[in-house]
Amino acid sequence: MSTQPAAVAPGADSGNTGPALLRIENVSKSFGANKVLESISLDIERGEFLTLLGESGSGKTTLLRLIAGFEEATEGRILLEGERIDNQPAYRRPVHTVFQSYALFPHMSVFDNAAYGLSVRGHGRDEIKTKVEMALGKVRMETFASRYPREISGGQKQRVALARALVNSPKVLLLDEPLSALDANLRVEMQHELKQLQRELGIAFIFVTHDQSEALAISDRIVLLHRGRIEQSGAPREIYARPRTVYAANFLGKSNLIRGFVTDGVANCSIFSFPLPVEDGPIALSLRPEVMMSGVIPSEPGVVRFEAEVVDEQFHGAASLLRLRCSPDCELMARVDGEAPRERVRTFAFRIADCVLLEQDEPRPQRTERP
Amino acid sequence: MRASTFRARLMTMLPVAPPFLWIALFLFAPYCLLFCYSFWSVNEFQIIQRHITLANYLHLLTTPLYLTVILRSLRIAFSVVVLSLLLGYPLAYFLAFHAGRHRHLLYQAVIVPLWVSYLVRAYAWKVIFGNEGVLNTLLLWLHATQHPLGFLLYSPFAVIVTLTHIYVPFVVLPVVASLEKIPRELLESSSDLGARPWQTFLRVVLPLSLPGVISGATFAFLLSFGDFLAPLLLGGPSSVMIANVVANLFGADYNWPLGAAVAVVILLIVVAILSVTQRLERRWRTA
């Protein structure tokens, strides 16, 4: 059992010597009386794929826009390679953005779109041609160079937007929900491509999404934002296995939330009662559906058995998700690989070690009644 | 069965019949009449002769005066367009991007002059530009000049200024509409890719607002080209425009056939300009 959030994961390949690539220091942002971000501090390392995850209104896009230079921070500083960039206009910052709507210039061909950044900075024609062709090649759009944005599909626009940003070799690439407009299959495909591209180029990506499964799939590190604050940050596996708060446990993956009370080292939660070596007081535990055991249950200490009725079953191919009713006011979810149990009432179990003790985000004075 | 389909067709045709009738009666028929007149002639007693002849068109082509007046009208119209764009585009830009909460007020301020009678506004310029007008009095009082400036009134200058004043809203409104249609992400994206504000303007904003510029410029050009009152009230002999010639031919000269021929030539010029600008606009819209 662990209660502490994991330490910040280091960048993919480069060591942690010297200052962080991008440092966000105590950044706050208010729109009028509305505080959107509250003293955010964050370091992004070279070559890192960092995801800002959160529901709408969590401030993730605002943070991205602050880094890009489209908004001004109310407080705090943003440093790139040790130098302040928050006081510079967007066009001077060596960070580039891939917009949710792609924001391709409709009056320019794919080639001219991709060439835009180099062209406004006055690079030579030959250099532009070589670089643009290379960038379009990287996203497999070289044969579409003379097309206009209205003549290509959403996925292709996405690739052009990516090439248009990458051609300028940004220090950091910002991606604002770039895949949300694509359909499910294409989305998964683009996730792979993005990840591969990022590894190949070694450029730090800051990726904004509200989709937790997308975040888990492609990130080196996830920063979970909630109401303008960092709820938790860490590698996908850590943040999934060890959610720090109730919010984090519920937002990332499916989770059973069990509330209860500890007295004299014994936790009483709904129908369960088991030893738990923590201080007395109210507790909240997270139990992932996949740690639930059924069928052959080892009889060893630290395993809590219980009887439950299978109320509902969702078949997901490789596994099934069961809804269990343990008592009239206690329902849990369990993931079962292979064939689901046939009996309606049967025995399930979990290891105490698989429970994750969550921080109490909202105080809950009332006790759960004891079994 | 047949009767019912006929009835159904009749029912769908009925509501559009009045406008069709209107157009046929008051647009199509007069144009046909105009076209016919242009091939007729008048004899020395000013009686219209209904034999088909090309004499009117030959007269137009061989008399340099008509060409001069047409060219002058085109030149004045072109000047009005340039001036209106120079004044209207920045105003439209400000309205679309920076006016903030004053947007509505400013928008109204652009439109309100359209409610004021053309005549009133034309006379206002007369008051301003006259020998004892507002401007000359001011200049004399400031000792900027010894004698009232005569070129202000009864000159192409006065006509151009007045027409610009009248047609600026026709330029501003379509330009504002096209500027407002530009997604704001495109501007952010341009800046994000390293473009300075003026580069963003030249490479993104201006090209994307061209459809509005073209339609506004077309309005101002055609309306100025066919204008009759401004040259009449504020122009001297040096700024007679083609519409004045037509008016004279139909009025004092009582040569309807020749007037009709001039009108047909104007119509052809207008159609030619419209087809060019429409093609331009369509190209920009699809691009």
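Helices here are DSSP runs of H or I with at least four residues, numbered from the N terminus. In this predicted model, helix α2(A) is followed by A:G122, whose phi is positive, near 75°.

**Helix α2 of chain A**
- Because 8 of the 11 residues of helix α2 (residues 110-120) of chain A are buried, the helix is largely enclosed by the rest of the structure.
- The buried positions in α2(A) are A:V110, A:N113, A:A114, A:A115, A:Y116, A:G117, A:L118 and A:V120.
- The elements that cover these buried residues come from both chains, and they include α3 (125-138) and α4 (154-166) of chain A as well as α9 (184-192) and α10 (197-225) of chain B.

**Nonpolar cores**
- The largest nonpolar core has 91 residues, and those with the most contacts inside it are A:I24, A:L52, A:I206 and B:L179.
- Helix α4 (residues 64-98) of chain B supplies the largest share of this core, namely 12 residues.
- Leaving aside residues up to four places away in sequence, B:L179 touches B:Y89, B:A92, B:Y93, B:A96, B:F97, B:R184, B:V205 and B:S209.
- A second, separate core of 35 residues includes A:L173, A:L175 and A:L179 together with A:A114, a buried residue of α2(A).

**Sheet in chain A**
- An open sheet of 5 strands in chain A runs in the order β15-β19-β16-β17-β18, with antiparallel pairing, and its edge strands, β15 (293-294) and β18 (330-337), each pair on one side only.
- Strands β16 (residues 303-315) and β19 (residues 345-351) of chain A pair in the antiparallel sense over 7 bridges, and A:R305 stands opposite A:A349 in β19(A).

Conventions:
Residues numbered from 1 in each chain as written. Chains lettered and ligands numbered in written order. Predicted model: local features only at pLDDT ≥ 70, side-chain atom pairs only at ≥ 80, totals over all residues. Heavy atoms only, no water. Core = buried A, V, L, I, M, F, W, Y, C linked by side-chain atoms within 4.5 Å. Buried < 20%, exposed > 50% of the residue type's maximum accessible area, 1.4 Å probe, protein only. Helix = DSSP H or I, 4+ residues; strand = E, 2+ residues; numbered from the N terminus. Contact = heavy atoms within 4.5 Å. Pairing = 2+ DSSP bridges.
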